[in-house]
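Please keep the sequence and the structure in view while reading.

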Amino acid sequence: MILGERFVQIKRTAAYISEMIKDVIWPPSCFICNKYCKRFICDKCYNKCKFYVYGSSISTEYGYCLPVCPSCVKVYSVGYYDDKYRDAVCRFKFDGELWIGDAIAQLMHDMAIRADIYNNIQLITYVPVSDKRLKERGFDQSRYVAEHLAKKTGLLCIPLLKRVHQGKT
């Protein structure tokens with residue numbers, strides 16, 4: 001066996017052992033209901049997720065454009081903000097459970113593939129947190145998810161929006 005092939009085999013074995021140890025210490029669980037599952041989301045919660053598509057009017061310096069305006073975009077959402085989903089998002093935002101952000105990005109990616117929308121998407125953007133929230137939390141959760149989704153898709157993640165005031169959380 002060539003040295004390079006042996007190195008690759010050792011590296012794969014080490015990665016496998018590392019994943020096994022990680023699963024023993026931190027068993028994989030659904031990011032929504034916290035029940036044990038092999039993926040980031042259990043089948044029951046996944047089947048409840050729906051891909052929502054909204055028309056959006058974008059604020060401009062001249063006011064708001066009409067929802068039928070060609071410059072308006074569609075906004076996609078992968079879940080209704082109910083109790084369990086909201087709790088998961090709060091654990092991500094306030095408790096710093098970054099793996100939930102990874103799970104949300106993966107869920108968004110899976111749903112976008114299922115809805116076959118990637119042919120119509122040119123880029124990914126996000127609504128940034130305010131400077132105050134960024135200082136409190138230490139990260140921008142919207143940017144975190146958007147950048148992880150962009151890596152999965154190969155699309156650019158571009159900050160197009162600007163927070164002008166902080167809404168209630």
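Which residues make the nonpolar surface patch of about 450 Å²? In this predicted model, the patch is formed by Leu123, Val127, Leu156, Leu160 and Leu161. One of these residues, Leu161, is found in the segment that follows strand S6 (156-157). Leu161 counts as partly exposed, with a relative accessibility of 42%.

**Overall architecture**

The chain has 169 residues, of which 30% count as buried. Its secondary structure comes to six helices and six strands. Read from the N terminus, the order of the elements is α-α-β-β-β-β-α-α-β-α-α-β.

Ile121 counts as buried, at 19% relative accessibility. Along the chain, Ile121 and Leu155 are 34 residues apart, while their C-alpha atoms are separated by 8.4 Å.

**Charge on the surface**

A patch of positive charge is also present on the surface, where Lys35, Lys44, Lys48 and Lys84 gather. Lys35 belongs to the loop that links helix H1 (3-25) and helix H2 (43-48). With a relative accessible area of 51%, Lys35 is exposed.

**Salt bridges**

Side chains of opposite charge can pair when their charged atoms come close. How many salt bridges does a search of the whole structure find? The search finds three, and they are set out below.

| Salt bridge | Closest N to O distance |
|---|---|
| Arg91 and Glu97 | 3.4 Å |
| Glu136 and Arg133 | 3.3 Å |

In the pair formed by Arg91 and Glu97, Arg91 is buried, with a relative accessible area of 15%, whereas Glu97 counts as partly exposed at 25% relative accessibility.

Glu136 and Arg133 are both part of helix H5 (residues 131-137), where three residues, or about one turn of the helix, lie between their positions.

Glu147 is partly exposed, its relative accessible area being 31%. Arg143 likewise counts as partly exposed, at 41% relative accessibility.

**Cysteines**

How many disulfides does the structure hold? The number is zero. Cys42 itself is buried, with a relative accessible area of 13%. Another cysteine, Cys90, is partly exposed, with a relative accessible area of 25%.

**Summary**

The predicted model thus presents a chain with six helices and six strands. Its surface carries a nonpolar patch that includes Leu161 and a patch of positive charge that includes Lys35. Three salt bridges are found in the structure, and the count of disulfides is zero.

Technical notes: Residues numbered from 1 in each chain as written. Predicted model: local features only at pLDDT ≥ 70, side-chain atom pairs only at ≥ 80, totals over all residues. Heavy atoms only, no water. Patch = residues over 30% accessible without salt bridge, like charges linked within 9 Å, V, L, I, M, F, W, Y side chains within 5 Å. Areas by Shrake-Rupley, 256 points an atom, 1.4 Å probe, with all protein chains shown as cover. Salt bridge = Lys/Arg side-chain N within 4 Å of Asp/Glu carboxyl O. Lys, Arg positive; Asp, Glu negative; His and termini not counted. Charge placed at Lys NZ, Arg CZ, Asp CG, Glu CD. Helix = DSSP H or I, 4+ residues; strand = E, 2+ residues; numbered from the N terminus. Buried < 20%, exposed > 50% of the residue type's maximum accessible area, 1.4 Å probe, protein only. Disulfide = S-S within 2.5 Å.
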